[in-house]
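Please keep the structure in view while reading.

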Amino acid sequence: MFHKSLILAVDMYGCPNRCRHCWIGHMPNRRIGENADRWIVDYFSPFFERITYYSWLREPDFCDNYKERWDRDNEISVNARPERFELASFWRLVRDPDYALFLKETGVKRVQLTWFGMETMTDRYTGRKGAFKELLKATDILLANQIAPRWQAFINEENKEQIVSLADLADTLQLEERCAAFGERFAFFVHSGSCDGENRKLYDIRIEKDHVPDKIRPYYMNYDEVYTEQECCELLKDDHSHVEYHNEEQIVLNVSNTYDVYFNFTHMTEAWKIGSLKSIEPEEMVRRVITEDTAALRTAREVTLQTLVEKYGNRHSKRAFFIDDYKSYLLNCHMEGVKNP
């Protein structure tokens, strides 16, 4: 029995969106059996004292019986309780008048909504027509129920001016004042996202640091800690250490709807797969989890950052990165054999 806490995030119901920023990557929607939840918990329960079960990996509450589902997640968790965080389904918010009340009852005070610019751009990046209007409607529904919206915007070279328009829209809608009226704060924040999953496919239009519009820089998350890719390469060119991913006292596992298991370090590709619950005995699966034994992590321990920069770094690029995200980008380039830009 291990004293570490285990969190299981299981893609039981899928997602209505196909967002172009999705860091875990796109996967088909399919529903796994309702009794699969107990089977998955029982698979791990002999080895962990605390297990927290979440029936979603992409879109929270993307099932019609979301109230019963929340109760079920609580029921089958072992010596632990799932949390609501600031995540909810804007798809359901605009379709189910009871959903906002459910969020209130479960203690939700803030909900994050993700934007990519104005209507055409947000619809395209979300992967379905009408998403922008739904986000506006969801904002009003949240406010009417005294839940503060948090607007998250992903910026790149294609949509940077539209992100300015989005900030102007938040001012026009007086979201700060409307949240303050019930004692909460409106949050608007912007970033480029990590460079894995679907967002990695947008490398060519990744925002250059100096191209972030002046109005947006105060909203850009930790802008002072952002480097250009050129600066990242300079910082890492003589670095003989390795890209490190490591779980401390809490282990988070993402479980696909085909029962494949991954750490939540980066996207869910074959090199990062720990194994399949359907084909690996629990003892071996837990050994791989505890020792952090996957093909990608074994490779990460063998190749230095200096080597990764030499092979995959673009020393002429002014694209914006946090240094840890850039390290992950380089390692994933290596795992896929991507050549120098």
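By class, six nonpolar residues, four polar residues and one charged residue make up the lining of the largest cavity. The model discussed here is predicted.

**Cavities**

- The structure contains three cavities of 30 Å³ or more.
- The volume of the largest cavity is about 90 Å³.
- In the lining of the second largest cavity, seven residues are nonpolar, two are polar and five are charged.

**The largest pocket**

- The largest pocket has a volume of about 1400 Å³.
- A total of 48 residues line the largest pocket, and Trp23, Trp56, Leu57, Arg58 and Leu87 lie nearest its centre.
- Several strands contribute to this lining: β1 (2–10), β2 (48–54), β3 (110–115), β4 (148–154), β5 (187–191) and β7 (250–255) each provide at least two residues.
- The lining of the largest pocket consists of 22 nonpolar, 18 polar and eight charged residues.

**The second largest pocket**

- The second largest pocket has a volume of about 230 Å³. Its lining comprises 13 residues, with Glu244, Tyr245, Asp324, Asp325 and Ser328 closest to the centre.
- Four nonpolar, four polar and five charged residues form the lining of the second largest pocket.

**The contact of helices α9 and α13**

- Helix α9 covers residues 229–236 and helix α13 covers residues 323–336. Their axes come within 11 Å and cross at roughly 80 degrees.
- Angles of 65 to 115 degrees count as roughly perpendicular, and α9 and α13 are therefore roughly perpendicular to each other.
- On the α9 side, the contact involves Glu229, Cys232, Cys233, Leu235 and Leu236. These residues meet Ile323, Tyr326, Lys327, Tyr329 and Leu330 of α13.
- The residues of this contact comprise eight nonpolar, no polar and two charged.

Conventions. Residues are numbered from 1 along each chain as its sequence is written. This is a predicted model: local features need pLDDT of at least 70, side-chain atom pairs count only at pLDDT 80 or more; totals for chains, interfaces and linings use all residues. Side-chain values use heavy atoms; hydrogens and water are left out. On a 1 Å grid over the protein atoms alone, a cavity is a set of points where a 1.4 Å probe fits but cannot get out, and a pocket is an open set with protein on both sides within 12 Å along at least five of seven lines; lining residues have an atom within 4 Å of a point. Grid points are joined across faces, edges and corners, and a volume is the space filled by probe spheres set on the points. Helices (H or I, at least four residues) and strands (E, at least two) are DSSP runs, numbered from the N terminus. Ala, Val, Leu, Ile, Met, Phe, Trp, Tyr, Cys and Pro count as nonpolar, Asp, Glu, Lys and Arg as charged, and the others, Gly among them, as polar. Axes are lines fitted to C-alpha atoms, for helices over the stretch in contact, and angles run from 0 to 180 degrees between N-to-C directions. Angles under 35 degrees count as roughly parallel, over 145 as roughly antiparallel, 65 to 115 as roughly perpendicular and the rest as oblique. Contact means heavy atoms within 4.5 Å.
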